[in-house]
Amino acid sequence: MITVKADLHIHTLLSPCGDLEMTPQHIVDKAVELDLKIIGITDHNSTRQVEVVRRLASQKGIYVMQGAEITSREEVHCLGFFPDHERLASFQSYLDAHLPFIPNKDGVFGYQVAVDEQELILYMEEKLLITALTVTLGEIAEEVYRLGGIFIPAHVDRSVNSLFGQLGFIPPGLPFDAMGITCFTTENEVRRRFSLPENVTLIKNSDAHYVGDIGKGYTWFTLEECTFDEVRMALSGQNGRGVKPA
């Protein structure tokens, strides 16, 4: 077994709220500096910058959890991760089908830029990515699991755009692999505040929108190797694997 640092909630410059310095290369360079061995790329309602980060990170021995931060109809933010490019692409089609076309006119909410490995601009996303999807939290979870993915309600300690901030409770029957918490709280505080039992896995992430914020929140993962299946097993505490928020 190995124990590695992971930050599973990082935005690129494709997110409208992501700083333009959040290029794939800058993200990977910062991950190397901080000795992060697993990073999650989670732009708002888009997976289209993931592959560039994955290619650059693989050259540095960093495993990329490929996903997105999804906004449900209830405006709850959640993370979905997928084991391969094919299923990631299928989920992108799902996002495209359920994200309303509201133009990001003049970049008023921030520019949504996709770049290549050399930081050359590929295109500017016209559809505003921070808009809520037309589907519910439960429907999103169902689609993530249909594609063999991992589903995590994001930053549940936040007062807005979180499971408890928007709904105030865990919907009966909602499946999830873990809950994300921010760097501004502790595991014990969150468990006490929301009466969460020990069998609810918590992971701490940065939700970084700026290079300097990457790794401010992270989790120790104990696993055999850095792979999707091993991360899944660590989140459920299977066969000696496990997680511990820093």
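1. How many of the residues of β2 are buried? In strand β2, 5 of its 6 residues are buried, so that the strand is mostly covered; buried here means under 20% relative accessible area, exposed means over 50%, and partly exposed lies in between (1.4 Å probe, protein chains only). Helices (H or I, at least four residues) and strands (E, at least two) are DSSP runs, numbered from the N terminus.

2. On the basis of the note: this is a predicted model, in which local features need pLDDT of at least 70 and side-chain atom pairs count only at pLDDT 80 or more, while totals for chains, interfaces and linings use all residues. Residues are numbered from 1 along each chain as its sequence is written, and side-chain values use heavy atoms, with hydrogens and water left out.

3. The sheet is open and has 7 strands in the order β7-β4-β3-β2-β1-β10-β11, with mixed pairing. Its edge strands are β7 (150-153) and β11 (242-245), each of which pairs on one side only. From one strand to the next the twist averages 30°. Two strands are taken to pair if DSSP finds at least two bridges between them.

4. Strands β1 and β2 run parallel and are joined by 4 bridges. Within this pairing, Asp7 stands opposite Ile39 in β2, and Ala6 has Ile38 of β2 as its bridge partner.

5. Helix α2 packs on the sheet, where it touches β2 and β3, and its direction makes about 160° with that of β3. Helix α3 lies across β3 and β4 and runs at about 15° to β3. For these angles, axes are lines fitted to C-alpha atoms, for helices over the stretch in contact, and the values run from 0 to 180 degrees between N-to-C directions. Contact means heavy atoms within 4.5 Å.

6. Helix α3 (residues 85-98) has 14 residues and reaches 20 Å from its first C-alpha to its last, close to the 20 Å expected at 1.5 Å a residue; the expected span is 1.5 Å times one less than the number of residues. Leu88, Phe91, Gln92, Tyr94 and Leu95 are buried in α3. Because they cover an arc of only 155° around the axis, they are on the same side of α3; the arc is that of the directions from the helix axis to the C-beta atoms. An α-helix has 3.6 residues a turn, so residues three or four places apart point the same way. On the other side of α3, Glu86 and Ala97 are exposed.

7. The packing partners of the buried residues of α3 are α2 (50-58), β3 (63-71), β4 (77-82) and α4 (137-146). At its N-terminal end, α3 is capped by Asp84, a side-chain oxygen of which lies 3.3 Å from the backbone nitrogen of Glu86.

8. In helix α1 (residues 24-33), the buried residues are Pro24, Ile27, Val28, Lys30 and Ala31. Seen down the axis of α1, they fall within an arc of 160° and so line one face of the helix. They pack against β1 (2-10), β2 (36-41), α2 and β5 (113-115). Just after α1, Asp35 takes a positive phi of about 60°.

9. Strands β5 and β6 (residues 121-124) pair in the antiparallel sense over 3 bridges, with Val113 opposite Met124 in β6. The two strands form a hairpin with 5 residues between them, and Glu119 in the turn has a positive phi of about 70°.

10. His77 has its place in strand β4 and is buried, with a relative accessible area of 9%. Its side chain makes polar contacts with the side chains of Glu69, at 2.9 Å, and Thr71, at 3.4 Å. A polar contact is a pair of N or O atoms within 3.5 Å; within protein, one must be able to donate a hydrogen and the other to accept it, and residues adjacent in sequence count only if both atoms are side-chain atoms. Not counting residues up to four places away in sequence, His77 touches residues including His44, Pro153, His155 and Asn161.

11. Tyr218 lies in the loop between β9 (202-204) and β10 (219-223) and is partly exposed, with a relative accessible area of 21%. Not counting residues up to four places away in sequence, Tyr218 touches Lys5, Ala6, Leu36, Lys204, Asn205, Pro245 and Ala246.
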